[in-house]
Each structure stands twice: as structure tokens, then as C-alpha cells.
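This briefing is intended to be read alongside the sequence and the structure.

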Amino acid sequence: MTQQDEYFSVQLGLTINVERLSSNESVPDEQDFNAEIPPLFRIASECSTLEDNADRLFASFNKNETQALMDYLAAQNSKINLLLSYVLSQQDDPTYRFTTLTFGASNLSFTSSSSYQVGTNVRVKLFLDYPAAAIFCYAEVTESIASDEQFIIKLRYTRLLEDDRDLLIRAALYSQQKLLRQRAQQRQLNNNDE
């Protein structure tokens with residue numbers, strides 16, 4: 001199994017920014033990459049990790065005794081996520097904006113009106129709805145396939161924080177779960193119509 005195939009991908013249209021590196025730029029080493037990550041992206045990642053830890057903690061509580069507290073905290077969390085999503089959306093640069101066809105924890109694909117040369121390095125920002133987060137990383141073009149008047153561009157991440165990989169896994173699982181739930185509801189509606 002290649003690194004590109006280590007994690008499953010889901011079909012979902014996420015907003016991304018893809019910026020080709022100039023000829024005098026290269027993918028930074030791990031230390032420089034860590035220093036380059038914008039502070040807002042670090043905050044978003046940390047908030048998501050804290051939220052995940054809190055969810056695990058609350059799962060161990062007796063639901064009947066703590067329901068009011070959990071409802072209150074969920075409302076506060078929703079407010080914070082709305083605010084965080086708005087602030088993160090300000091990091092979206094329309095010049096480099098695309099929408100994913102697929103994404104996962106090791107790769108993504110999107111359509112472009114122009115071709116990308118295989119092996120080209122790019123700087124990527126991914127904007128997740130759930131969990132509310134943004135991911136800053138580097139990737140390499142692995143395929144550029146002509147399709148009608150567009151090109152399907154496939155990227156493999158080359159610099160990505162492990163915490164951000166975990167975010168991508170959670171986002172992919174959430175998207176898959178949501179899709180399966182919608183399909184089950186549709187089947188139930190179809191069965192009720194018969």
C-alpha cells in the first residue's frame with residue numbers, strides 16, 4: 001500500500017486554496033514548516049483537539065445527571081465554532097480558491113481550468129466545516145488529468161502536522177457517516193412510498 005492509499009478519501013466539496021510554489025521556493029523542512037504555519041491555523045487545530053477531548057470526557061458522565069450542563073456547553077461550543085468558522089473564512093484567498101472533489105488524510109483532488117505539472121509543489125489551505133478548522137500544509141501534484149475543458153488535479157500531502165491529519169480523518173469519517181445516514185433515510189422514504 002502506498003502512502004497515498006493509506007487513508008480513505010470521501011467525495012465532498014471543501015473550499016481550498018492551492019498556491020503553486022515559485023521556482024525559487026521549495027517545501028520547507030519540518031522545523032521551518034512548523035514556524036511558517038499561520039497562528040490562526042494553529043488556534044483552530046488546538047480548539048478542535050480540545051473539543052474532541054471534552055467530548056470524550058463528557059461521554060463518561062451519567063447523561064441524566066449532567067444533561068443541562070452538557071446542553072449549555074454544547075450551545076457555547078456552537079457559538080465558538082460559528083465565530084471560528086467566520087474568522088477562518090477570512091484566510092480564504094479568492095485568487096487561489098478551488099473546491100475539492102475528494103479529500104482524505106493523505107491526499108485530495110480538485111478541478112482546475114489549467115493543468116498542473118506532475119511533481120509541482122504547492123502550498124494548501126483546507127477549510128473544514130466539521131470540525132470547524134483550517135489546515136495549512138504542502139502537497140505535491142501526483143496527477144493532472146484532462147476532463148472536458150477542465151483538469152482533475154490530484155495532490156499528495158508532503159508536509160502536514162499529525163494533529164491536522166487527525167482532523168482530516170475525523171472530517172472524512174463525519175462526512176461518510178452523514179452520507180450513509182442520508183442514504184438510509186432515503187431508502188426508508190422509498191420503502192414507505194411503496
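Glu 36 counts as partly exposed, because its relative accessibility is 30%. The model discussed here is predicted. Glu 36 pairs with Arg 123 in a salt bridge whose closest N and O atoms are 3.3 Å apart. This pair connects distant parts of the chain, with Arg 123 in strand S5 (residues 121–128) and Glu 36 in helix H1 (residues 30–36), 87 residues apart.

**Salt bridges**

- The whole structure contains 7 salt bridges.
- Arg 123 is buried, because its relative accessible area is 13%, under the 20% cut-off.
- Glu 140 and Arg 156 join their side chains in a salt bridge with an N to O distance of 2.6 Å. Glu 140 belongs to strand S6 and Arg 156 to strand S7, so this pair ties together parts 16 residues apart in sequence.
- Glu 140 is partly exposed at a relative accessible area of 23%, and Arg 156 also counts as partly exposed, at 22% relative accessibility.
- Lys 154 and Glu 143 form a salt bridge in which the closest N and O atoms are 3.8 Å apart. Lys 154 lies in strand S7 and Glu 143 in strand S6, so the pair ties together parts that are 11 residues apart in sequence.
- Lys 154 is partly exposed, with a relative accessible area of 29%, and Glu 143 is partly exposed, with 31%.

**Nonpolar core**

- The largest nonpolar core has 39 residues, and those with the most contacts inside it are Leu 108, Phe 110, Leu 126, Leu 155 and Leu 168. Strand S6 supplies the largest share of this core, 8 residues.
- Beyond residues up to four places away in sequence, Leu 155 touches a set of residues including Val 18, Leu 108, Phe 110, Val 122, Val 124, Ala 139 and Val 141.
- In soluble globular proteins, nonpolar side chains tend to be buried together.

**Individual residues**

- Ser 175 lies in helix H4 (residues 162–193) and is buried, with a relative accessible area of 15%. Apart from neighbours within four places in sequence, Ser 175 contacts Val 10, Leu 12 and Phe 103.
- Asp 148 is placed in the loop between strand S6 (133–147) and strand S7 (150–159). Asp 148 is exposed, with a relative accessible area of 80%, and has a positive phi of about 55° although it is not a glycine.
- Most residues other than glycine have a negative phi.
- Thr 49, in helix H2 (residues 39–59), counts as partly exposed at 25% relative accessibility.

How values were computed:
Residues are numbered from 1 along each chain as its sequence is written. This is a predicted model: local features need pLDDT of at least 70, side-chain atom pairs count only at pLDDT 80 or more; totals for chains, interfaces and linings use all residues. Side-chain values use heavy atoms; hydrogens and water are left out. Helices (H or I, at least four residues) and strands (E, at least two) are DSSP runs, numbered from the N terminus. Buried means under 20% relative accessible area, exposed over 50%, partly exposed in between (1.4 Å probe, protein chains only). Contact means heavy atoms within 4.5 Å. A nonpolar core is a set of buried Ala, Val, Leu, Ile, Met, Phe, Trp, Tyr and Cys residues joined through side-chain atoms within 4.5 Å. A salt bridge is a side-chain nitrogen of Lys or Arg within 4 Å of a carboxyl oxygen of Asp or Glu.
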